[in-house]
Every structure is written in C-alpha cells, then in structure tokens.
Amino acid sequence: MKNKFFLLSIAIGLSVSSNAEVEISVGGYANDEIHISANSNNIQTNSVSTDKNGNTNYIYVDKGSQIIDSTIGSTVISNHKFTKEEGIQHYTNKINRYEDKIAKYHDKIHHYQQKILEKPHKRERYENKIDNYHNKINNYQQKILEAELKLKEYQSIKK
Amino acid sequence: MTKLTTLTLVAILALGTTSLMADSTVNTEDNTNINLILDSEVTDSVVGVAIDAKDSTVNVNDNTNINLILDSEVTDSVIGVSVEAQDSTVNVNGNTNINLVLDSEISGSTVGTQIKAR
C-alpha cells in the first residue's frame, strides 16, 4: 500500500480554514504508510488506509463557533488505550464540559422563569422549555456519573 | 450502498445510512451525502453514514460529503462518516469532504470522517 496516510486536523478555536488539505497528526502519527494493527494484546487486527491524492477536505469554521475536544476533518482511532494520565485528563475534561453545560441550562431555566413572570399568558410554552432543560440536565448528570466511574478506573491504575 | 445520494436534515436527530456488517465487504462508493444541521442539538449520535464492521473489508471511496452545521450544538457525536471496524481492513480513498461550522458549539465530536479500529 503506497498511499500516504492523509488526514486533516484543526486547531481548536481556529476561526477559518478553507481549502485545507493538511497532513494530519493524530496521536503523533504522520507516516507515508500506515497499517494499524491492534494485535499486541489480543487477536484484533485492523488495517486502515487513506489516499493522499484522493481525499480532499474543505473546512470552514466561523468565529462564532466553539470547537471543544473535537475533530473537524478526519480522525483515526486504533484501539487506543489511554495511559493513566491521559485517561484522567480525558475524563476530567469530559466532566468539566458536562458541568459547563448543566450550568448553562440552569441559566436558561432561570431566563424562562423570568419570562413566565413577564408574560404569564405564555406560561405553558415556557414551562415546556424549562422541562426540556431539566431533562437535559438529568441526561448530563448521568453522563457525569459514567465519566466519574471511568475517571476512578484510571485513578486507581498503579504505575 | 453504492451510488446513493442522501440528504439529512436534522431538526432533533436524523440518521442517514447505517450498516452493520460481519464477514463481508462493505462498499460505500460514489455517494453524495449532504448533512444539514440547523438550529439543533445533537448528542451521542451519528448523523450521516455509520458503518460497523467485523472481520470485513470496508471501502469508503469516491464519496462527496457535505456537512453544514449552523446555530447548533453537537455533543459526543459524529457528523459525516463513522466507521467502526474490528479485525477489518478499512480503505478510505478519493473522497471530498466539505465541512462548514457556523455559530455552533462542537464538543467531544468529529465533524467529517471518523474511523475507529477496535
């Protein structure tokens, strides 16, 4: 397989990147030829190839957007296992993101509670919105619990 | 799944094409996929093409994928093409991906193509 491994990465918060065809580094790899063989610990074996000359990525992210812990373009994850430190960092970031979202939804609930006072004739409409945000908060609280369990797993790993 | 044109318009959640394959050859070729996510929230989802393959050869070739995310919030999701493969060969060649993110928040997600080789 002579195709070059070619993907695109984008810096978080990058405002504009159009016509971009950028050699990627996912997890530090940027090789002419990549076989991903995840068979060091078990029987799983995978081979992934992409063609430098074939794949073209055009990306535009405007200034009003936020990109957090994400990839715009292409990403390859090959049976990746975090180190203890990476796992702790990954799940701590997740928990922080979820807590930020919950805080944002509480602000929205407060906003619509005020709207009910201002426009009581629209109470039902606003209450539906508030219920919706409560559901979202419950969903993210559940995700926090799951992330906390994973975090504890990584924290308990002995070096 | 060849020569397919999909247009996915997300209000809350819409899923384009999903394939679960084992011991097979999966060809996703010459498709045009357009995913428009407008004023929406997408969580824990794949919008576009999802391929879950085991012991297979997956060819994702010569596709055109257009993802437009506008005034939206995308969390822990893939917008575009998601390939999850176990004990498989995955070839991704000759594709054109156009990703536009406008006034949106993307977190814990991939916009474009994600390949997970388990």
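Here is a short exchange on the core and the chain contact of this predicted model.

Visitor: What makes the set around B:Ile51 and B:Val58 a nonpolar core?
Guide: A nonpolar core needs buried residues of the nonpolar kinds, joined through C-beta atoms within 7 Å. The largest such set has 32 residues. B:Ile51, B:Val58, B:Ile69, B:Ile79, B:Val83, B:Val90 and B:Val101 have the most contacts inside it. Strand β6 of chain B, residues 46-54, gives the largest share, 6 residues. Apart from this core lies another, of 5 residues, including A:Tyr98 and A:Tyr140.

Visitor: How do you know which residues B:Val101 touches?
Guide: Contact means C-beta atoms within 7 Å. Leaving out residues up to four places away in sequence, B:Val101 touches A:Val61, A:Asp62, A:Ser65 and A:Ile72 in chain A, and B:Ile69, B:Ile106 and B:Val111 in chain B.

Visitor: How many residues does each chain bring to the contact?
Guide: Chain B brings 34 residues and chain A brings 38. On the chain B side, β10, β11, β12, β13 and β14 each supply at least two. β14(B) gives the most, 8 residues. By class, that side has 11 nonpolar, 18 polar and 5 charged residues.

Visitor: Why are β3 of chain A and β13(B) called paired?
Guide: Pairing takes at least two bridges between two strands. These strands have 3 bridges, so they count as paired. The sense is parallel.

Visitor: Which residue of β13(B) is the bridge partner of A:Ile67?
Guide: B:Ile106 is that partner. B:Ile106 is also among the residues that B:Val101 touches.

Technical notes:
Residues numbered from 1 in each chain as written. Chains lettered and ligands numbered in written order. Predicted model: local features only at pLDDT ≥ 70, side-chain atom pairs only at ≥ 80, totals over all residues. Buried ≥ 20, exposed ≤ 12 C-beta atoms within 10 Å, placed from the backbone. Helix = DSSP H or I, 4+ residues; strand = E, 2+ residues; numbered from the N terminus. Contact = placed C-beta atoms within 7 Å. Nonpolar A, V, L, I, M, F, W, Y, C, P; charged D, E, K, R; others polar.
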